[in-house]
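Dear colleague,

Please find below the structure I promised to pass on. My notes on it follow directly after.

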Amino acid sequence: MKVYFLGTGTSQGIPIIGVDHPVCKSTDAKDKRLRVAVWITWEDYSCVIDCGPDFRQQMLRCGCTHIDSILFTHEHADHTAGLDDIRPFNFRQGAIPVYAHQRVIANLKKRFDYVFETVNKYPGAPTVATIEVVNNQPILLGNKKIIPVNVMHGDLQVFGYRIDDFAYLTDVKTIAEEEIAKLKNLKVLVVNALRVEPHNTHFNLQEALDFITLVQPEKAYLTHISHVLGFHEEVEKRLPENVFLAYDNLEITL
Ligand SMILES: [Zn+2]
């Protein structure tokens with residue numbers, strides 16, 4: 001299985017439009033972060049977790065030409081706003097299966113009403129086949145069982161996903177004991193770490209590190225990063241041995 005980090009930035013991306021911060025001005029490619037998403041492939045299966053506003057650019061950049069499904073974590077725009085740009089995949093493949101919580105599906109129907117139009121739908125509009133994700137009910141993608149992991153983004157429920165010994169959790173602030181129990185014996189955990197300062201709805205760096213200590217994966221990668229966390233190179237030097245900052249275009253093989 002291969003995991004490709006399409007984007008590792010928080011909601012505004014890095015650099016932020018009009019922000020005069022040293023990290024936004026950095027010339028290090030690892031300090032340039034599109035909105036958070038991953039592309040996961042195994043055998044001939046290809047799926048993405050989230051489809052944010054940078055989706056088009058991300059697909060062009062990584063050379064992805066086929067997706068079998070999209071899994072959504074939650075409905076916030078930095079995770080969903082690229083849905084219109086699945087059209088090139090539709091034109092080659094037909095409807096794309098979209099997996100999400102029923103609340104997220106309802107939200108997409110409201111925001112992308114033309115995608116779900118049943119009468120006189122515009123022929124060039126995107127087409128999806130929605131499949132509801134229910135906690136404690138694994139999903140079958142290709143030959144793999146995907147385990148939804150329920151986390152809390154402040155008051156908002158968000159799904160993370162475990163695939164074999166890999167788990168991807170983003171926008172976590174709190175997580176219940178019974179959900180942490182789903183994360184035993186991981187080779188790789190990806191989890192969000194926004195910045196050093198605390199935040200109401202996202203783990204800060206210390207909370208993410210404490211969570212990693214609790215879960216004990218072999219390796220952990222931090223994502224959903226704000227410019228105020230600091231320069232990639234400097235932050236990574238201060239991390240424990242088995243913890244890394246993810247960066248755009250990083251690919252890991254499991
Ligand atoms: Zn987010």
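A compact globule of 254 residues would have a radius of gyration near 18 Å, and the chain has 17 Å, which agrees. Please bear in mind that this is a predicted model. The C-alpha trace spans about 55 × 45 × 35 Å along its principal axes. The chain contains eight helices and 14 strands, and 43% of its 254 residues are buried. Of the contacts with a separation of 6 or more, 61% are between residues 24 or more positions apart.

I begin with the core. The largest nonpolar core comprises 66 residues, and V38, L189, V190, V191 and L222 have the most contacts inside it. Leaving aside residues up to four places away in sequence, L222 touches V191, A193, A208, V243, L245 and A246. In soluble globular proteins, nonpolar side chains tend to be buried together.

In helix α7 (residues 205-215), the buried residues are L205, A208, F211 and I212. Viewed down the axis of α7, these buried residues fall within an arc of 125°, so they line one face of the helix. An α-helix has 3.6 residues a turn, so residues three or four places apart point the same way. The face of α7 turned away from the buried side carries the exposed residues Q206, D210, T213 and L214. Among the elements that cover the buried residues of α7 are β11 (188-192), β12 (219-223) and β13 (243-245).

In helix α2 (residues 55-62), F55, Q58 and M59 are buried. Seen down the axis of α2, its buried residues fall within an arc of 95°, so they too line one face of the helix. Their cover includes β1 (2-7) and β2 (37-42). Just after α2, G63 adopts a positive phi of about 80°.

Next, the hairpins. Strand β7 (residues 139-141) runs antiparallel to strand β8 (residues 144-153), and three bridges join them. Within this pair, L140 stands opposite K145 of β8. The hairpin of β7 and β8 has two residues between the strands, and G142 takes a positive phi near 60° there. Strand β8 is also joined to strand β9 (residues 156-163), again antiparallel, by eight bridges; P148 has Y161 in β9 as its bridge partner. The hairpin of β8 and β9 likewise has two residues between its strands, with G154 in the turn at a positive phi of about 65°.

Most residues other than glycine have a negative phi, and most peptide bonds are trans. The peptide bond from I14 to P15 is cis, with omega near 0°, and P15 is found in the loop between β1 and α1 (22-25). N185 has a positive phi near 55° although the residue is not a glycine. N185 lies in the loop between α6 (177-180) and β11, and with 9 other C-beta atoms within 10 Å this residue is exposed. Q216, which follows α7, also has a positive phi near 55° and is a residue other than glycine. Its place is the loop between α7 and β12, and with 13 C-beta neighbours inside 10 Å Q216 counts as partly exposed.

With kind regards

Technical notes: Residues numbered from 1 in each chain as written. Predicted model: local features only at pLDDT ≥ 70, side-chain atom pairs only at ≥ 80, totals over all residues. Pairing = 2+ DSSP bridges. Helix = DSSP H or I, 4+ residues; strand = E, 2+ residues; numbered from the N terminus. Buried ≥ 20, exposed ≤ 12 C-beta atoms within 10 Å, placed from the backbone. Arc of directions from axis to C-beta. Contact = placed C-beta atoms within 7 Å. Core = buried A, V, L, I, M, F, W, Y, C linked by C-beta atoms within 7 Å. Rg over C-alpha atoms; globule rule 2.2 N^0.38 Å.
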